[in-house]
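Hello,

Here is the structure we spoke about. My notes on it follow below.

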Amino acid sequence: MIITMRGATMLTSLNEYLQSILGINTVEILQRNDSPLPFALQQYYKVYAATILKYEFVFLYSDAENPATPVQIEKHLHAAEKSTNKKVCLVFDAITPYMRRKLVERQIPFVVPNNQLYIPFLAMHLQEHFAIAQPAQEK
């Protein structure tokens, strides 16, 4: 199964983004065909087992055009953590500023490849936006 994300596979984009942003080559992400999620969540997410720096956790990828609300996502996250017995991180193709703010407020881990990474259980919060320094003006 190939999941498209702006012209590249989601798995490839995610893997390359994590390797480049973390400066490591030991990122392992594998699609799980035997979903450990409750049946109600299987319609929302594809499941990936991940190992980064010896930490094992699960990525949930949602390609829905109308994603769940932050409150629903928080409930999904807790249900997924309970059913997998691992920490869970969401992956989105894109995210609105409102959704980003609500997920961070609720400390819900997420990655938007080539844009933002927020994984509080690994103490990581990185954004791909940089302020442009203004040249000093002469007086």
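**Salt bridges and the first helix**

Glu56 is exposed, with a relative accessible area of 52%. Please keep in mind that this is a predicted model, so every value here is computed from predicted coordinates.

Glu56 forms a salt bridge with Lys86, and the closest N and O atoms of the pair are 3.5 Å apart. Glu56 belongs to strand β5 (residues 55-62), while Lys86 sits in the loop between α3 (70-84) and β6 (87-92), so the bridge ties together parts that are 30 residues apart in sequence. Lys86 is partly exposed, at a relative accessible area of 32%.

How many salt bridges are there by this rule? The count is three, the rule being a side-chain nitrogen of Lys or Arg within 4 Å of a carboxyl oxygen of Asp or Glu.

Another of them joins the side chains of Glu74 and Arg106, with an N to O distance of 3.0 Å. Glu74 is in helix α3 and Arg106 in the loop between α4 (97-105) and β7 (110-112), so this pair ties together parts that are 32 residues apart in sequence. Both partners are partly exposed: Glu74 has a relative accessible area of 23%, and Arg106 has 33%.

The side chains of Lys102 and Glu105 also meet in a salt bridge, at 3.4 Å from N to O. Here both residues lie in helix α4, three residues apart, which is about one turn of the helix. An α-helix has 3.6 residues a turn, so residues three or four places apart point the same way. Lys102 counts as partly exposed at 24% relative accessibility, whereas Glu105 counts as exposed at 51%.

Now to helix α1. It covers residues 10-22, which makes 13 residues. From first C-alpha to last, α1 reaches 18 Å, close to the 18 Å expected at 1.5 Å a residue.

Which residues of α1 are buried? They are Met10, Ser13, Leu14, Tyr17 and Leu18. Just after the helix, Gly23 takes a positive phi of about 70°.

Regards

Technical notes: Residues numbered from 1 in each chain as written. Predicted model: local features only at pLDDT ≥ 70, side-chain atom pairs only at ≥ 80, totals over all residues. Heavy atoms only, no water. Helix = DSSP H or I, 4+ residues; strand = E, 2+ residues; numbered from the N terminus. Buried < 20%, exposed > 50% of the residue type's maximum accessible area, 1.4 Å probe, protein only. Expected span 1.5 Å × (residues − 1).
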